[in-house]
Every structure is written in C-alpha cells, then in structure tokens.
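Please look through the sequence and the model below before reading on. The text then walks through a few of its parts in turn.

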Amino acid sequence: MTTAANYAEFAAREAHGVSPAYERLALAVSRDRETLELLGALPPAKRQPNLLFAVVRFLGGPVEDPAAFLDYTVGNWPAVQAEMRTRATQTNEAGRCAVLLPVLAALPQPLALLEVGASAGLCLYPDRYAYRYGDHLLGSGEPVLDCAATGVTLPARVPEVVWRAGLDLNPLDVTDPADVAWLAALIWPEHERRRARLRAAAAVAAAEPPLLVRGDLADDLPELAAKAPAGATLVVFHTSVLYQVPAPRREAFAEVVRGLPGHWIANETPDVLPRPGLPRPGLPEPPGAALYNVLALDGTPLAWTLSHGQAMVWFA
Ligand SMILES: C[S@@+](CC[C@H](N)C(=O)[O-])C[C@H]1O[C@@H](n2cnc3c(N)ncnc32)[C@H](O)[C@@H]1O
C-alpha cells in the first residue's frame, strides 16, 4: 500500500467517527505531495499516521488545522523525522485492567504479575485502581476505570499482587516527564478523559515504579519469570501487543509461555492470538462493528473486549 493510500485508509477506517482532527490531518497528508515525499524517505514502519501525529503534538505543533499542520511538519522536518525515527507507538492504557480484572481475581491469590509488552507498566497495577462496572464499584482511589460488562460475574474485591514486572523492547519510565509527555501525545486529541486517566495511573506507578526489563517477549521471558517469588501465582499477560510482533515470533512466544508455571492471559485481536497445540473453536460473532479484542485464559477465549477496556462481553 502506498503512503498516500495508508493515510486515506487511516482517515476512513480508524479516525472517522473517533477523531475528527486526525481524520482531517490524515486526508490532508494523503493529498500532499511534499509531506508524502518526506515520509517516503523513512523506513516503512516509521511512516504511520499515529506516529507522525503524535510526534507533531509532542513537539508542540498544531493538529487542529490541516494547513497549519502541513506547514509545521514540512518546516520542522529535521526535528519531526528525528523523533519519528527514535520513538514508537506504545500507547499504555490503564483502562485495560478493567477487562483483565475478572480473570485475575478468579485465580489463586496472591499474584505475581509479569506483563510482556508493558510499555511504561501501567497495566501492572490492577490492585491499585478503582473500577465502575455500571453500579458495581470496586477498589478505591484514582483512576476510576469505567467498563460496561455483560455476561460475567464480577469480583467482590481486587486481586492481591505481591510482585509486578514488565518486559518491553523499549520500556518507558513513568518517572521521566518526557516519557509521560510522549504517552500523553499518543492519546488522540479529543480523548481528554484518557489523558486524565493516564496522568492518574502514571502517578500510581511513579509512587512505586515496577521492575521493567528491556527485552524480547519470547527470548527474555523465562529469565524474568524465574525471578517471581515462590508462593504466588505467576500470571504472564499481554494486551494489544501481538499485532506488533511477526507471526513466527508470536508462536514462539506462546510456546515459551505455555512451558512456564502459572497462568497466561491474552487480550489481543483474534487474528494475532496464538493458540499452538490448542483446539481452535470458532468464536461467537463480535457484538458490534468495532474492532474487538479477545480475552483468553491459558489459550481459551473468554470474552470480546473493546480496545481501551471500556466494555467486555463474555461468551455464553
Ligand atoms: C501498544 S503498546 C501496549 C502497551 C500495554 N500492553 C498496554 O496495553 O497499555 C505495545 C508494546 O509492546 C511492545 N513490544 C512490541 N514488540 C515486542 C517484543 N517483541 N517484545 C517485547 N515488547 C514488545 C512495544 O514496545 C510497546 O511498548
């Protein structure tokens, strides 16, 4: 797909109805020869709309008016392209804890959590956040994570976590203001509630930063898992990570994780969910047209979930 087509498709399929600002920008880029030429000089993986728009916002550039955005991007290209080459799209969404919670709370307690593709590790604090599943409230403090839950018995209490560790190719540091600013820039302009949630979750994590290790989710997992304390249930989990991982590496990861003690929770789009050696029953129809993730425990699919943890529908 050409860069122009990629931006046009992003406008139509991802930004439409979700971010009017990004829909306008993506359409403008798809039609602007000069910007397309500049993007064409970057490695293909670095030409993506989300990365360009987040970098311009991170640098303080305009994203409301397409003409001003294009002027800024072209006029500041050395700085823009330098950030695009070094930074990556690693949105960290604490809201995803709301869909993990029913599974985590049902496992033998206490838990030793190990998240692969952890970004800054904000999903490693499911015991510290508060939850609102309709009128079922759970936990205390900030942020309060709202989730519309259907077909599941909700837990009475948050899980007990005695160890938390993360593995990421490029871990971000919640105590570094530049890394938190980058995470904020990755949230789309209109999503102010998500930015407030990020700030609150980053404060929780910064008060007791997690053990975050730079490494690959398959190659470096056994060494980190071996550090989990005895007497706690090891839970390896990942949310919205495997779409960034090539298919053979996803399968390699699944083989490694299935060889570990404890449990494995996945929250990923159905096309990237690895299930080696496991039966592949058909999934029920997704509850809507949105792009749903599948929540799975030890390879068994349990529920459809929305990408920021705002809803889940359990399979009958
Ligand atoms: C979209 S972010 C999701 C972060 C977090 N799981 C969440 O849901 O908020 C995906 C993360 O996976 C990491 N990642 C991608 N490939 C990886 C690999 N092979 N090994 C470890 N981490 C990886 C990226 O660096 C990025 O931080």
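Predicted model: local features only at pLDDT ≥ 70, side-chain atom pairs only at ≥ 80, totals over all residues.

Residues are numbered from 1 along each chain as its sequence is written, and side-chain values use heavy atoms, with hydrogens and water left out.

Start with strand 6, residues 161-168. Strands (E, at least two residues) and helices (H or I, at least four) are DSSP runs, numbered from the N terminus. Seven of the eight residues of strand 6 are buried, so this strand is largely enclosed by the rest of the structure. Here buried means under 20% relative accessible area, exposed over 50%, and partly exposed in between (1.4 Å probe, protein chains only).

Strand 6 pairs with strand 1 (residues 111-116) in the parallel sense, over six bridges. Two strands pair if DSSP finds at least two bridges between them. In this pairing, L167 of strand 6 stands opposite V116. Strand 6 also runs parallel to strand 7 (residues 211-214), and four bridges join them. There, D168 has R214 of strand 7 as its bridge partner.

Next come some backbone details. The peptide bond from Q109 to P110 is cis, with omega near 0°; P110 sits in the loop between helix 7 (97-106) and strand 1. The bond from E142 to P143 is cis as well, with omega near -5°, and P143 belongs to the loop between strand 3 (136-138) and strand 4 (144-146).

D298 is not a glycine, yet it has a positive phi of about 50°. D298 lies in the loop between strand 10 (292-297) and strand 11 (300-306). With a relative accessible area of 30%, D298 is partly exposed.

A cavity is a set of points, on a 1 Å grid over the protein atoms alone, where a 1.4 Å probe fits but cannot get out; lining residues have an atom within 4 Å of a point. The volume of the largest cavity is about 40 Å³, where a volume is the space filled by probe spheres set on the points, and grid points are joined across faces, edges and corners.

Methods: 1 Å grid on protein atoms, 1.4 Å probe; cavity = no way out; pocket = protein on both sides within 12 Å on 5 of 7 lines; lining within 4 Å.
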